[in-house]
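Q: I'm new to this one, and I'd like to go through it a piece at a time. Could you show it to me before we start?

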Amino acid sequence: MNQPRSFVLNGGPQSGKSTLFRLLEEALGRQLLYYPEVASVLLGDLWPTVNREASYHPAWVRTLQRGIFHTQRGLEELAQAVAAADNIPLIGHDRGVFDNAGYLGVTGRELAKYFGESFDGLMSNYDLVIHLDTLATIDPAAFGNDTNATRYETPEEAVLLDERIWNAYEGHPHHVRIQATDDFSEKISTVFELITALCPTLAASLT
């Protein structure tokens, strides 16, 4: 039995991650073990959302990111066990642990140190990191929360987060950036090509 391959799809808010994962699930079916974005789950069902009319409290960011980090680590460990047991060749994560660094405004190495983890050890959990630039980089007026009710960033904040998240994965040997584009089919094709290169046995399903 081959070791399952693992990838992260990340980037700034409204970068197309959810759409791409839906397309990957449709194409790959049970060949893909997909884990949704932890932050959206926590914000939607557990964590109090930001009240933009109230004073912003940094404790909200710190506590949320701790919750996200530990939940993400648990899911990544579980994903490897499930994929290996069920002979699933590919694991896909909607964001990885280092996305937290972008939201906290620290580097990836600082994040690992903060949580008492090995930077290289955390990085090794991902065979590939695909970064999708946010729509806000090319069309701020179209940016919003229509596709995600838990999204609270402004276009300016989204662009800043986009860059911080990209920088947080600095040092990963397979870190690819896909720029925002008006033609979303270009993103789809590029992501499918990257997944095929990562896991060649899935090529027939992604063509």
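A: Here it is, and please keep in mind that this is a predicted model. One place to begin is F21, which has 1% relative accessibility and therefore counts as buried.

Q: And F7, is that buried or exposed?
A: F7 counts as buried, because its relative accessibility is 0%.

Q: How are the rings of F7 and F21 arranged, then?
A: Their centres lie 5.7 Å apart and their planes are at 25°, so the pair is stacked, given that planes under 30 degrees apart count as stacked.

Q: Which parts of the chain does that pair tie together?
A: F7 belongs to strand β1 (residues 5-11) and F21 to helix α1, so the pair ties together parts that are 14 residues apart in sequence.

Q: How many aromatic pairs does the structure hold?
A: There are 7 aromatic pairs in the structure. Another of them is formed by F98 and Y169, which are edge-to-face, with 5.5 Å from centre to centre and 75° between the planes.

Q: Changing topic, what about helices α1 and α8, at what angle do they pack?
A: Helix α1 (residues 17-28) and helix α8 (residues 184-198) pack at about 55°, and their axes are 11 Å apart. That angle makes α1 oblique to α8, and the crossing of the two helices is right-handed.

Q: Which residues meet there?
A: From α1 the residues are T19, L20, L23 and L24, and in α8 they meet F184, K187, I188, V191, F192 and I195. By type, the residues of this contact of α1 with α8 divide into 8 nonpolar, 1 polar and 1 charged.

Q: Stepping back, what does the secondary structure of the chain come to?
A: It comes to 8 helices and 5 strands, which follow the pattern β-α-β-α-α-β-α-α-α-β-α-β-α when read along the sequence.

Q: And how much of the chain do buried residues make up?
A: Of the 207 residues in the chain, 43% are buried. As for contacts, among those in the chain with a separation of 6 or more, 76% are between residues 24 or more positions apart.

How values were computed. Residues are numbered from 1 along each chain as its sequence is written. This is a predicted model: local features need pLDDT of at least 70, side-chain atom pairs count only at pLDDT 80 or more; totals for chains, interfaces and linings use all residues. Side-chain values use heavy atoms; hydrogens and water are left out. Axes are lines fitted to C-alpha atoms, for helices over the stretch in contact, and angles run from 0 to 180 degrees between N-to-C directions. Helices (H or I, at least four residues) and strands (E, at least two) are DSSP runs, numbered from the N terminus. Angles under 35 degrees count as roughly parallel, over 145 as roughly antiparallel, 65 to 115 as roughly perpendicular and the rest as oblique. A crossing is left-handed if the near helix is turned anticlockwise from the far one by less than a right angle, and right-handed if clockwise. Contact means heavy atoms within 4.5 Å. Ala, Val, Leu, Ile, Met, Phe, Trp, Tyr, Cys and Pro count as nonpolar, Asp, Glu, Lys and Arg as charged, and the others, Gly among them, as polar. Rings of Phe, Tyr and Trp (its six-membered ring) pair if their centres lie within 6.5 Å; planes under 30 degrees apart count as stacked, over 60 as edge-to-face and the rest as tilted. Buried means under 20% relative accessible area, exposed over 50%, partly exposed in between (1.4 Å probe, protein chains only).
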